[in-house]
Amino acid sequence: MAQGGGHEEQTFNEFYTEVKEIEKRDSVLTSKQQIDRLLRPGATYFNLNPFEVLQLDCDTPLEQIKKKYRSLSILVHPDKNPDNLDRAQQAFEIISKAYKTLENEATRKKCLEVYEEAKDRTDMMIAEKKKKLKKEGKYDGVPEDEPAKYKHAIYVMVMKLFADIERRRQQLEVRDMEERKRKREAEIEEEEQRDLQKEWQKNFEESRQNRVNSWHTFQAGSSSASSSASSSSAAAAAAAASSSSAATTVKSKKSKKAKYTSFNPPKIKPETR
């Protein structure tokens, strides 16, 4: 057991040395190589991890983070890359964003929590894999037992978690934008309703006097027509009464005349003896 443990430790030390050599080699990449690294296909996915952008381990002290940021920012600065100005500007902004994330204690803590969660999930995944193999009677170790593959598994999980965080952020941003849009549309509709109400009230007030004048004119016209009709009726009644009186007088005279002119004396009967 002791020999096996010593072999694993030796393997890990060799791997760690190799990784550090790779990091040292990458740290002296030329400006063009660093720009290409930050803007390579799929870089948006990798650049979500600020430690990945600055090529640092998650346990790197802040002072070392500052030094690495300065060296990288000088390499990709647009002033140092006049022939590749646009891409240099993009790379410089990526590095600056990563440094600001790690410089802030709160956001750096959140990044470290991602690494911790990635390690816990990886350990759980490996445990489940071993349990399943043992149950099937096929257990003979798992690839993640090798330090290099174990570290790679954690690295993959870290990338996945950062991608999940970014996806949730975008979803919340879209939802928030839609909510703001909905509220703004409601506000615009409410403003339009208020404007319409004000316009209607204004028109109503302006037309009030016209309506009053029209009513007065109508009332005056009705009174005049009524008076004229009353006068005409009275005159007609007077004329009718006069005609009736005249007719009555004539009739009376005719009656009297008829009374005297139509008298017939009685016939005399002969005497009989």
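Contact here means heavy atoms within 4.5 Å, and helices are DSSP runs (H or I, at least four residues) numbered from the N terminus. The model is a predicted one, in which local features need pLDDT of at least 70 and side-chain atom pairs count only at pLDDT 80 or more, while totals for chains, interfaces and linings use all residues. Residues are numbered from 1 along each chain as its sequence is written, and side-chain values use heavy atoms, with hydrogens and water left out.

We may begin with α2 and its partner α5 (residues 62–76), where Ser31, Gln34, Ile35 and Arg37 of α2 meet Leu72, Leu75 and Val76 of α5. Sorted by class, this contact of α2 with α5 has four nonpolar, two polar and one charged residues, where Ala, Val, Leu, Ile, Met, Phe, Trp, Tyr, Cys and Pro count as nonpolar, Asp, Glu, Lys and Arg as charged, and the others, Gly among them, as polar. The axes of α2 and α5, as lines fitted to C-alpha atoms over the stretch in contact, with angles running from 0 to 180 degrees between N-to-C directions, come within 8 Å and cross at roughly 100°. That angle makes α2 roughly perpendicular to α5, a term that covers 65 to 115 degrees.

Helix α2 (residues 31–39) also packs against α6 (residues 85–103), their axes coming within 9 Å and crossing at roughly 70°, which makes α2 roughly perpendicular to α6. In this pairing, Ile35, Asp36, Leu38 and Leu39 of α2 meet Arg87, Ala88, Gln90, Ala91, Ile94 and Ile95 of α6, and by class the contact has seven nonpolar, one polar and two charged residues.

A pocket is, on a 1 Å grid over the protein atoms alone, an open set of points where a 1.4 Å probe fits, with protein on both sides within 12 Å along at least five of seven lines, and its lining residues have an atom within 4 Å of a point. Of the 20 residues that line this pocket, Leu48, Lys97, Thr101, Phe162 and Glu166 are the closest to its centre. The elements giving two or more residues to the lining are α3 (43–46), α6, α7 (105–135) and α8 (147–261).

Technical notes
Angles under 35 degrees count as roughly parallel, over 145 as roughly antiparallel, 65 to 115 as roughly perpendicular and the rest as oblique.
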